[in-house]
Amino acid sequence: MPMELTQSRIQKIWLPNDNRPALPRRSCGPQLANSPTVIVMVGLPARGKTYISKKLTRYLNWIGVPTKVFNVGEYRREAVKHYSSYDFFRPDNEEAMKVRRQCAMAALRDVKLYLTEEAGQIAVFDATNTTRERRGMILNFAKENGFKVFFIESVCNDPNVVATNVMEVKLSSPDYRDCNSTDAMEDFMKRINCYQASYQPLDPDDYDRELSLIKVIDVGRRFLVNRVQDHIQSRIVYYLMNIHVQPRTIYLCRHGESEFNLKGRIGGDSGLSNRGKKFAVALNKFVEEQNLKDLKIWTSQLKRTIQTAEALQLPYEQWKALNEIDAGVCEEMTYEEIREQHPEEFALRDQDKYYYRYPSGESYQDLVQRLEPVIMELERQENVLVICHQAVMRCLLAYFLDKSADEMPYLKCPLHTVLKLTPVAYGCRVESISLNIEAVNTHRDRPEEAKKGPNPLMRRNSVTPLASPEPTKKPRINSLEEHVAVSPALPGCVPQEVPTQMPGQNMNTSQKPS
């Protein structure tokens, strides 16, 4: 007999009308067909593995797949507080090899905990994993726990690219705190040589032909893909084939102030107000001053963004995907009218703004799915100006700044302000530029009642700090420093203890947001 169904009030989806518990939040994003997945990074040091790990994790979390990075280097720094020199990585340093293996096992234990008890769907195991013995150990671990495995190998033999990566990223790591750059560079290159001697690349034509993998060659110049198992792996491959590392700038702004903005009405397709038209002129001057080569301009298909772009006197492309969130039955209403005519809907949206879906309209979650093709194309492009809308801009900004679904609907994106995004090593630098044209304030702060509620969302990335605090964790691995054969410290380095704060905790440092 057909089962009775009840529509959930917030998401407007149909659920069985029984006493079963509500679906967990993670079921709302794209689902793995079967078991959780361990993504295993492979490659020599300074080949961009951590860059790929963090960027891929940011994307997967944004589309709703709970993902976390487990960087074995962080575990090693936690276990061995003082880094001496590249001798620690020599294959004949048996004591150090034991420590490194124990760190890898500690990371794998945390991977298991995350995927089995913390609602994670994908764990990124970020390490060199350059030998078949180490990869075999990971495969056995995954088989014992029923996890899928997908390998990502980054191969780069261009010495200029490697040297640039070392200078931009590696020399600023805790290993080389208070070291001069010349000595640190020399030591790190010797560290690479220690791995090079025993490196066994993935071999999809013979030894590794049964494995699911992608080889990223020379920073995306070429790709080799083998045995993709499921939908989520295909999305990972598609994403990796779209990203690049060329310098570029992305500008995000809203349309000029509209007539509906002045009246406090949401949605609709009104034109610009007089101040909105002044902003369009000011935006034209701003773009000219930036003197950008081959700037692409994208708008929505709504009148107010197109009017803003017309003032630039440059070619632009209209995207339906960039249209403002659909407010359904609440389109063209003020918030006061919504409160009066749809009091329950008004209250429900304040309870959970990300998942709330307007009747016959959209939620922020729907908007993220709609905007995924825009993100993919943004990753392929160089300099782009996106003229869009408040909710759309929040979703795009959340992707680039690695903001949680809980934070996303409350990001401040004021009218007549341009956000300049510059991708950096492990994240994105943001600069807010006001064009000094007055406009109404359309931002609504999070209601006090919503602030008091528990945050159902998990932390995203095990390294990147977010604004929200994370509970203090016990050390994952005891210090093994006393068991390691200590080599003389690098010349030009002053040994300094690494901060006792564990990787994955909120670290109030100068690290750029991502």
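In what order do the six strands of the open sheet lie? The legends below take up this question and then turn to other close-up views of the structure, which is a predicted model.

View 1. The six strands follow the order E11-E10-E12-E9-E13-E14, and their pairing is mixed. At the edges lie strand E11 (317–318) and strand E14 (427–434), each of which pairs on one side only. Strand E10, made of residues 296–299, pairs with E11 in the parallel sense over two bridges, and here Trp298 stands opposite Glu317 in E11.

**View 2. Helices packed on the sheet.** Helix H10 (residues 303–310) packs on the sheet and touches E10, E11 and strand E12 (384–388), with a direction that makes about 140° with that of E12. Helix H13 (residues 364–380) lies across strand E9 (250–254), E10 and E12, and runs at about 175° to E10.

View 3. In soluble globular proteins, nonpolar side chains tend to be buried together. The largest nonpolar core in this model has 69 residues, and those with the most contacts inside it are Leu60, Ile152 and Leu396. Helix H14 (residues 390–401) supplies the largest share of this core, namely ten residues. If residues up to four places away in sequence are not counted, Leu60 touches Ile39, Val65, Thr67, Ile122, Ile232 and Ile236.

View 4. Across the whole structure, a search finds 14 aromatic pairs. One of them joins Tyr59 and Tyr239, which are stacked, at 4.2 Å centre to centre and with 5° between the planes. Because Tyr59 lies in helix H1 (residues 49–62) and Tyr239 in helix H7 (residues 231–240), this pair ties together parts that are 180 residues apart in sequence. Tyr59 and Tyr239 are buried. The rings of Tyr251 and Phe286 have their centres 5.9 Å apart and their planes at 80°, so this pair is edge-to-face. Tyr251 belongs to strand E9 and Phe286 to helix H9 (residues 274–290), so the pair ties together parts that are 35 residues apart in sequence; both residues are buried. Elsewhere, Tyr83, Phe88, Phe89, Tyr176, Phe188 and Tyr195 form one aromatic cluster.

**View 5. Charged side chains over rings.** The charged end of Lys353 sits over the ring of Tyr410, at 4.8 Å from its centre. Arg444, in turn, lies over the face of Tyr335, at 4.6 Å from the ring centre.

Notes: Residues are numbered from 1 along each chain as its sequence is written. This is a predicted model: local features need pLDDT of at least 70, side-chain atom pairs count only at pLDDT 80 or more; totals for chains, interfaces and linings use all residues. Side-chain values use heavy atoms; hydrogens and water are left out. A nonpolar core is a set of buried Ala, Val, Leu, Ile, Met, Phe, Trp, Tyr and Cys residues joined through side-chain atoms within 4.5 Å. Buried means under 20% relative accessible area, exposed over 50%, partly exposed in between (1.4 Å probe, protein chains only). Helices (H or I, at least four residues) and strands (E, at least two) are DSSP runs, numbered from the N terminus. Contact means heavy atoms within 4.5 Å. Two strands pair if DSSP finds at least two bridges between them. Axes are lines fitted to C-alpha atoms, for helices over the stretch in contact, and angles run from 0 to 180 degrees between N-to-C directions. Rings of Phe, Tyr and Trp (its six-membered ring) pair if their centres lie within 6.5 Å; planes under 30 degrees apart count as stacked, over 60 as edge-to-face and the rest as tilted. A charge sits over a ring if NZ of Lys or CZ of Arg is within 6 Å of the ring centre and within 35 degrees of the ring normal.
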